[in-house]
Amino acid sequence: MSPISATHTKDVRMIPARYARALFSLIMSGMMSCIVTGIATAKAVGFGPATLGDWMGSWVFSWPIAFTVILLLGPSVQRMVNRMVRPQG
């Protein structure tokens, strides 16, 4: 395969930059909700055979909520952070 076709194939599989915020929100909300629901589930019911099922049930419920919150509040939080930090230079 020539370098031109390899580059073209790679670009086709990439997600357009306009979806970067949504993709970031999806990945971040998935990771954070997984960790938080795992900790909360273990604290509430302890470790046992049913823990994994309870954890996954909680995660599936909370991930869409976390995604929506990060997607909607992310720009406001970024603006707040930008006002709190000194620019490099």
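Reader: Starting with Ser62, is that residue buried or exposed?
Author: Ser62 is buried, with a relative accessible area of 18%, where buried means under 20% relative accessible area, exposed means over 50% and partly exposed lies in between, using a 1.4 Å probe and protein chains only. This is a predicted model, in which local features need pLDDT of at least 70 and side-chain atom pairs count only at pLDDT 80 or more, while totals for chains, interfaces and linings use all residues. Residues are numbered from 1 along each chain as its sequence is written, and side-chain values use heavy atoms, with hydrogens and water left out.

Reader: And which residues does Ser62 touch?
Author: Leaving aside residues up to four places away in sequence, Ser62 touches Ser33 and Thr37, a contact being heavy atoms within 4.5 Å. Ser62 itself lies in helix H3, and both Ser33 and Thr37 are among the buried residues of H2.

Reader: What do the buried residues of H2 pack against?
Author: They pack against H3. The buried set in H2 consists of Ser25, Ser29, Gly30, Ser33, Cys34, Thr37, Gly38, Thr41 and Ala42.

Reader: How far does H2 reach from its first C-alpha to its last?
Author: Helix H2 covers residues 20–45, 26 residues in total, and reaches 37 Å, close to the 38 Å expected, that expectation being 1.5 Å times one less than the number of residues. Just after H2, Gly46 takes a positive phi of about 80 degrees.

Reader: Stepping back, how many helices and strands does the chain have?
Author: The protein chain has three helices and zero strands, and along the sequence the pattern reads α-α-α. Both kinds of element are DSSP runs numbered from the N terminus, helices being H or I with at least four residues and strands being E with at least two. Of the 89 residues in the chain, 13% are buried.

Reader: What about Asp54, which residues does that one touch?
Author: Asp54, which lies in helix H3, touches Thr41 and Val45, again not counting residues up to four places away in sequence. The C-alpha atoms of Asp54 and Thr41 are separated by 6.9 Å, although the two are 13 residues apart along the chain. At 36% relative accessibility, Asp54 is partly exposed.

Reader: Switching to aromatics, how many pairs turn up in the whole structure?
Author: The search finds one aromatic pair. The rings of Trp59 and Trp63 have centres 5.2 Å apart and planes at 0 degrees, so this pair is stacked; rings of Phe, Tyr and Trp (its six-membered ring) pair if their centres lie within 6.5 Å, with planes under 30 degrees apart counted as stacked, over 60 as edge-to-face and the rest as tilted.

Reader: Where do Trp59 and Trp63 sit?
Author: Both lie in helix H3, which covers residues 51–84, and they are four residues apart, about one turn of the helix. In general, an α-helix has 3.6 residues a turn, so residues three or four places apart point the same way. Trp59 counts as buried at 18% relative accessibility, whereas Trp63 is partly exposed at 29%.

Reader: Last one, how does Val69 come out, buried or partly exposed?
Author: Val69, another residue in helix H3, is partly exposed, with a relative accessible area of 41%.
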